[in-house]
Protein chains: 4
Amino acid sequence: MRRNRIEAFSDGVLAIIITIMVLELKVPHGEGFDALRPLLPVLLSYILSFIYIGIYWNNHHHMLHTVEHVSASVLWANLHLLFWLSLFPFVTAWAGENNFAPNPTALYGFVMLMAAVAYYVLQQRIIATQGDYSLLKRAVGKDLKGKLSPVFYIAAIIFSFIEHRISWVLYVLVAVMWLIPDKRIERVIDNDN
Amino acid sequence: MRRNRIEAFSDGVLAIIITIMVLELKVPHGEGFDALRPLLPVLLSYILSFIYIGIYWNNHHHMLHTVEHVSASVLWANLHLLFWLSLFPFVTAWAGENNFAPNPTALYGFVMLMAAVAYYVLQQRIIATQGDYSLLKRAVGKDLKGKLSPVFYIAAIIFSFIEHRISWVLYVLVAVMWLIPDKRIERVIDNDN
Amino acid sequence: MRRNRIEAFSDGVLAIIITIMVLELKVPHGEGFDALRPLLPVLLSYILSFIYIGIYWNNHHHMLHTVEHVSASVLWANLHLLFWLSLFPFVTAWAGENNFAPNPTALYGFVMLMAAVAYYVLQQRIIATQGDYSLLKRAVGKDLKGKLSPVFYIAAIIFSFIEHRISWVLYVLVAVMWLIPDKRIERVIDNDN
Amino acid sequence: MRRNRIEAFSDGVLAIIITIMVLELKVPHGEGFDALRPLLPVLLSYILSFIYIGIYWNNHHHMLHTVEHVSASVLWANLHLLFWLSLFPFVTAWAGENNFAPNPTALYGFVMLMAAVAYYVLQQRIIATQGDYSLLKRAVGKDLKGKLSPVFYIAAIIFSFIEHRISWVLYVLVAVMWLIPDKRIERVIDNDN
């Protein structure tokens, strides 16, 4: 029951974040299709961030699935993650409205990086509360994706000042990497039963 | 429990989408009733989209009811559907604010069409995970409504450049068709028990 | 479980409506307290509508408590109620921003009236599905409040064109009337157990 | 089940409040980092209020955990609390956009104070419904934090007209005080089992 409420609150915040982003697609005043053209980069950044929030929701869902007792540190680590995710609409809109310019590209990567760090911290807090036989620890294993993502984000931040199109290729690559479904946790849970 | 969380998240997103649309009814500055007149098409498009989201919520509710295990592909097919539904506030407002002009009428139909396709894909993913004796497959049956809707949407898109009032008649017709309650799934579930 | 989902969706929509209204309290540009003065009527109308949504949530909660099976007609009667409630932020802001002028006062009453009618329709649909020994029917009894409210709203709409301050007194009176907790349903349920 | 719905509604409202605040971080038009500079105070006030809402959610979660039957007075005391919390986005944005000027600083403290009072009232209502052996009463104990917070808020309101930077130090101190996890309720519940 404890876990249920942290799930419900997180679901609520993630559902609102994902939907609020669409508000940045400001309805144009003209009625022609050309009035939509300036919105194209905003739509593209929206799609990317939508996928990212979907990935976070999916992984968050699996991770909390292993939790039985929510300690105060887990609760705050979760709020910390939600804080960084709550900045997605802002950085998404800033990047989209400025046609993926270098500075917004770098800030997008920075918030992505901080969210990844916050996710990692939350994961470690849960593992710590689960003790030696942590279900999550075994499920995560070497956590290759989790370790690769920050490297990609840092590379993208650096590239944003050199050739910012490469940064967006990296952001897309990370999303694609995570889209390949994470069967590890499911497998370990199944083995347990 | 798995299913519960995908339901809760979808409910959250649909509740926000349906409520966010009303924000496009911008509060007028004048205090006379004539200040409301420009809002009438926005209100009409809001009502239509409200009904559409209600229909999707209702059918989604019945469809997920048959699901026992949420696979990764079902989860992403669901997010794909939510993505297209999240564009409803935008296309609704664009159509309403431009008095149902041809281009917004076509885009409205396009997003409707893509949502219908996404719904169909989700349905097929669920049926695929349920195997030979899929409860949903039997419930859906010939899926006449599901097959007719895209035809209507495509017709409406074409008509939007010829006589766009016909397109809106078609959009209303599809809504009316779906409003007739879908007893198929309920019936099959009852037979099963 | 069925009922759970209609409750969750309604809770979501009501939570969003109640919170969206506060967005009409536009942050003023000045830093003095006098910059807040034009917001006072907006705040007052927000408080009144907040209480109204609270009352609806409370009564809705009790009413659905008696429901066991959600039929299609109940589901749509519920969405119909949510539609009128979704217009509260708009009429609240229009009334507040125009200092409770006659026309916005009348429209506020009209939406209140339609929400009350929608609530009544929902109540009747639930009673109809429950058959002869309807728990809700006995709980509602003579439904004095439910019958008085529309009378007050209609009176308030008429007064809005004569002396609109009386209309607001009536709106407050209806809220006060409902704030007196509705023990009827609770009593009947207790008797049943 | 009763409790579940008041939890779900409160979770929904809190999730929306916490996410709506981020909308005040208006996307700047320039693409340079200097375009972000005016947003820094808005971000800082957002972070503080985010933490406050997190604290309220956490404590609210623990408090409702002790509730078995939700009476009408508890329900309205809860809505009263949600009302004051719903004003957080407004006072947060006003303070942030005016660089923490004296008047917004005082109003921020006033809303904090009223939310603390509303929380106290809710706590007392719950204790009253629980009778002599109230689980919550024993859990709260001397309620040192609960009694200290209003004193700090009042001091901060006074200081806002003398040296408003001290007020913000006080607001941060209260947040830090509450961040130290409240193990009292957890301990008493554990003893009970």
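Me: In α3(B), how many of its 15 residues are buried?

Reply: In α3(B), 11 of its 15 residues are buried, and the helix is mostly covered. Among the buried ones are B:Val74, B:Leu75, B:His80, B:Phe83 and B:Ser86. One thing before we go on: this is a predicted model, where local features need pLDDT of at least 70 and side-chain atom pairs count only at pLDDT 80 or more, while totals for chains, interfaces and linings use all residues. As for labels, residues are numbered from 1 along each chain as its sequence is written, and chains are lettered from A and ligands numbered from 1 in the order in which they are written.

Me: How do I check the span of helix α3 of chain B?

Reply: Helices (H or I, at least four residues) and strands (E, at least two) are DSSP runs, numbered from the N terminus. The expected span of a helix is 1.5 Å times one less than its number of residues. Helix α3 of chain B covers residues 72-86, which is 15 residues, so it should span 21 Å; its end C-alpha atoms are 21 Å apart, and that agrees.

Me: Is α4(C) mostly covered or exposed?

Reply: Mostly covered: 10 of its 10 residues are buried. The list includes C:Phe88, C:Trp94 and C:Glu97. After α4(C) comes C:Asn99, with a positive phi near 55 degrees.

Me: What about one residue, B:Met63: where does it lie?

Reply: Look in helix α2 of chain B, residues 40-65. B:Met63 is buried, because 20 other C-beta atoms lie within 10 Å.

Me: Which residues does B:Met63 touch?

Reply: Touching here means contact: the C-beta atoms of two residues, placed from the backbone, lie within 7 Å. Leaving out residues up to four places away in sequence, B:Met63 touches B:Gln123, B:Ile126 and B:Leu136.

Me: How many helices and strands does chain A have?

Reply: Chain A has 9 helices and 0 strands. Walk along its sequence and you read α-α-α-α-α-α-α-α-α. Buried residues are 50% of the 193 in chain A. Among contacts in chain A with a separation of 6 or more, 77% join residues 24 or more positions apart.

Me: How many residues of chain C are in contact with chain B?

Reply: 24 residues of chain C meet 21 residues of chain B. On the chain C side, α1 (2-20), α3 (72-86), α4 (88-97) and α5 (102-130) each give two or more residues. α1(C) gives the most, with 8 residues. By class, that side has 17 nonpolar, 4 polar and 3 charged residues. Here Ala, Val, Leu, Ile, Met, Phe, Trp, Tyr, Cys and Pro count as nonpolar, Asp, Glu, Lys and Arg as charged, and the others, Gly among them, as polar.

Me: Which rotation superposes chain C on chain B?

Reply: Two copies of a chain are related by a rotation about an axis and a shift along it. Copies are superposed by least squares on the C-alpha atoms of residues with pLDDT of at least 70 in both. For chain C on chain B, the rotation is 90 degrees, the shift along its axis is 0.0 Å and the RMSD is 0.0 Å. The two copies are thus related as by a four-fold rotation axis. In chain C, the residue that comes closest to the axis is C:Gly12, at 4.4 Å (C-alpha). Only 12% of the interface residues of chain C are also interface residues in chain B, so the copies meet through different surfaces.

Me: How far apart are the nearest C-alpha atoms of chain A and chain C?

Reply: They are 9 Å apart, and the two chains do not touch. Chain B and chain D do not touch either, with nearest C-alpha atoms 9 Å apart.

Technical notes. A residue is buried if 20 or more other C-beta atoms lie within 10 Å of its own, exposed if 12 or fewer, and partly exposed in between; C-beta atoms are placed from the backbone.
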